[in-house]
Amino acid sequence: MKAVLFTIVLICSVLGAVNAKCSSYDHKSFFWKSCANTNSTMTYLDLAPSPLTLGNNFTLGFTGKLGTTISNNTAAGAPFSITLELYKDEVFWVDLCDLVNCKIPDICALMSQKVNAETCALLKSHGLPCGCPITAGTYSVRNFNFPTHNPHLSFLTDGEYCATAVIADNKGGVIGCLEVYAQLSATALAKFLN
């Protein structure tokens with residue numbers, strides 16, 4: 001299921017994906033916005049429950065328009081890429097990209113390596129692509145349920161997160177931008193906060 005979660009995050013990033021301004025958030029629940037003026041836009045995004053509790057099911061819904069086909073044809077230049085900014089609130093916002101690689105230099109290569117047959121079948125059952133090309137068009141999913149694993153590391157996982165994903169074409173132009181704020185919990189306490 002890790003591959004399913006990864007693929008959904010990737011697709012949502014592709015549909016809408018620049019500069020995280022985490023300190024400006026005063027939210028205590030899921031929040032998102034498109035952050036680029038491009039022909040790829042996210043018009044609806046919902047991830048529930050809030051806070052997201054590891055070990056329970058998540059429910060995803062989204063509608064977005066991809067204005068550019070993403071393909072693995074790199075004859076015109078470098079492949080399509082995703083650059084993430086990922087922060088966790090630890091009294092101040094900590095840049096998690098200092099700890100992990102937040103650059104996906106080739107979306108298509110990564111999908112071909114990480115999306116297995118089971119994940120592909122699940123994505124296709126919701127009308128989503130499981131590899132390249134990702135054809136320009138409108139994609140919409142409601143009530144996509146998937147389980148998560150609780151690593152029982154609440155001291156590392158619990159907290160507020162802010163992320164921004166920028167999708168760039170093979171010439172470096174921004175295709176889309178999505179900024180997200182969410183709370184994550186691996187503890188039973190989150191059940192009582194809802």
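This is a predicted model: local features need pLDDT of at least 70, side-chain atom pairs count only at pLDDT 80 or more; totals for chains, interfaces and linings use all residues.
User: Happy to start simple: how many disulfides does a search of the whole structure find?
Analyst: Good place to begin. A pair of cysteine sulfur atoms counts when they lie within 2.5 Å. Searching the whole structure in this way gives a total of four.

User: How many residues apart in sequence are the parts that C35 and C177 tie together?
Analyst: These two cysteines are joined by a disulfide, with an S to S distance of 1.8 Å. C35 sits in the loop between β1 (31-34) and β2 (41-48), while C177 belongs to strand β10 (residues 174-185), so the parts they tie together are separated in sequence by 142 residues.

User: What is the handedness of the disulfide of C108 and C132?
Analyst: Sulfur to sulfur, this pair is 2.0 Å apart. The torsion about the S-S bond is about -85°, so the disulfide of C108 and C132 is left-handed.

User: And where does C132 lie in the chain?
Analyst: The disulfide of C108 and C132 links distant parts of the chain, 24 residues apart. C108 is in helix α2 (residues 107-114), and C132 is in the loop between α3 (117-125) and β8 (137-147).

User: Turning to strand β9 (residues 159-168), how many of its 10 residues are buried?
Analyst: A residue needs under 20% relative accessible area to count as buried. By that cut-off β9 is mostly covered, and the number of buried residues is eight.

User: Which residue of β9 stands opposite I82?
Analyst: Strand β5 (residues 81-90) runs antiparallel to β9, and eight bridges join the two. Within β9, the residue facing I82 is I167.

User: Last one: which residue takes a positive phi in the hairpin of β9 and β10?
Analyst: β9 and β10 pair in the antiparallel sense over 10 bridges, with A168 opposite V174 in β10. Five residues lie between the strands of this hairpin, and the one with a positive phi, near 90°, is G172.

How values were computed. Residues are numbered from 1 along each chain as its sequence is written. Side-chain values use heavy atoms; hydrogens and water are left out. Helices (H or I, at least four residues) and strands (E, at least two) are DSSP runs, numbered from the N terminus. Buried means under 20% relative accessible area, exposed over 50%, partly exposed in between (1.4 Å probe, protein chains only). Two strands pair if DSSP finds at least two bridges between them.
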